[in-house]
Amino acid sequence: MSNSPVYGGQAQLEGVMFGGKEHTVTAIRRNDDSIDYYHFKKVQKPILQKLKKIPFVRGVVALIESAGLGSRHMQFAGDRFDVTPGEEEDHKEEGSKLQMILGVALVGILSFLFGKFAFTLIPVFIADFFSKWIEGKTGQILLESGIKLLLLLAYLYFISLTPLIKRVFQYHGAEHKVINCYEAGLDITVKNVQAQSRLHYRCGSSFILFTVFVGMFLYFFVPTDPLWLRILDRILLIPVVLGISFEVLQATNACRNIPVLRFLGYPGLWLQLLTTREPKDDQVEVAIASFNMLRQVEQQPEIAATLNHD
């Protein structure tokens, strides 16, 4: 499968989105048990395509693009998954004023950036609070990184207890299983897909974990005192941490079939034990439907006109 197209995906509310080089497709299970589709064609801007070829820069571009793209698909799923077909307009909630002014994609990007800032800075303040007891640069950086890791694990664990997020994590598992089945060169059937692992080296969950370790390493090269400078350094290093973490993710994926090096990706896979759940057959059916529709659209672009789209 080395010369085959590379696909990625995202779990949605009662569905899965898959994306290729030019197209993205989401399939969701409606409340009447039917499957509905949404298609969005990626905007191929020359400047973005050039940036995506630059190591350490391409990761930041890909992440911001993914956040905006994912928001479009999430809104589609959120507007329709629990609404009876034909009654969408009667039940469709009005978007917030911010969404109407800025657009769904931009709101998704802003949400991603806000979350990254909060996740980066909250541990700084907590670690600084304990600076009287844990002094020195090394101790503070280790404490800050430990707090960041604990916050990440606690957040993922507690949201996974909610029924809605648990189902999203099941669809996340279904997404990984479909990709693993495809990359194994097997026929994409429910039986074959269910036999695959729900973990994948290229998952965004692994990327999030890598940002913790990459950030810890980089922080040793910048001051921790005074506090204002520490905060400034953390903010300025965000794109650097994201860029390096993306390259680490790509490297661990490239090494996953090398016995001596495949363990480098294990921490990310362990985190996926929190962010994925074993899917049911009907959830796998939705994931397969999404992937097959994406492949059809790639082969016959005119099919996209028959799907829901912007």
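Glu285 is partly exposed, because its relative accessible area is 39% (buried means under 20%, exposed over 50%, and partly exposed in between, with a 1.4 Å probe and protein chains only). This is a predicted model, in which local features need pLDDT of at least 70 and side-chain atom pairs count only at pLDDT 80 or more, while totals for chains, interfaces and linings use all residues. Residues are numbered from 1 along each chain as its sequence is written, and side-chain values use heavy atoms, with hydrogens and water left out.

Glu285 belongs to helix α12, residues 281-299 (helices are DSSP runs of H or I with at least four residues, strands are runs of E with at least two, and both are numbered from the N terminus). Apart from residues up to four places away in sequence, Glu285 touches Arg29 and Val190 (contact means heavy atoms within 4.5 Å). With Arg29 there is also a polar contact between the two side chains, at 3.2 Å (a polar contact is a pair of N or O atoms within 3.5 Å; within protein, one must be able to donate a hydrogen and the other to accept it, and residues adjacent in sequence count only if both atoms are side-chain atoms). The C-alpha atoms of Glu285 and Ala27 are 9.8 Å apart, although 258 residues separate the two along the chain.

## The chain as a whole

The chain contains 12 helices and five strands. Of its 310 residues, 44% count as buried. Among contacts between residues at least 6 apart in sequence, 70% join residues at least 24 apart.

## The sheet and the helices across it

Strands of a sheet pair through backbone hydrogen bonds, either parallel or antiparallel. Here, five strands form an open sheet with mixed pairing, in the order β1-β2-β3-β4-β5 (two strands pair if DSSP finds at least two bridges between them). The edge strands, β1 (8-12) and β5 (308-309), each pair on one side only. Strands β2 and β3 run antiparallel and are joined by five bridges; Val16 stands opposite Ala27 in β3.

Helix α12 lies across β2, β3 and β4, at about 150° to β3 (axes are lines fitted to C-alpha atoms, for helices over the stretch in contact, and angles run from 0 to 180 degrees between N-to-C directions). Helix α2 lies across β1, β2, β3, β4 and β5, and runs at about 155° to β4.

## The largest nonpolar core

The largest nonpolar core has 36 residues, of which Phe18, Tyr37, Val178, Phe291, Met293 and Val297 touch the most other members (a nonpolar core is a set of buried Ala, Val, Leu, Ile, Met, Phe, Trp, Tyr and Cys residues joined through side-chain atoms within 4.5 Å). Two or more residues come from each of β2 (15-19), β3 (23-29), β4 (35-41), α2 (58-80), α7 (163-183) and α12. Helix α12 gives the largest share, nine residues.

Beyond its neighbours within four places in sequence, Val297 is in contact with His23, Val25, His39, Ile303, Ala304 and Leu307.

## Asn253 and the cysteines

Asn253 is placed in helix α10, residues 227-254. Asn253 counts as buried because its relative accessibility is 16%. Leaving out residues up to four places away in sequence, Asn253 touches His200, Tyr201 and Arg202.

Cys203 counts as buried at 6% relative accessibility, and Cys255 counts as buried at 17%. The structure holds zero disulfides (a disulfide is a pair of cysteine sulfur atoms within 2.5 Å).
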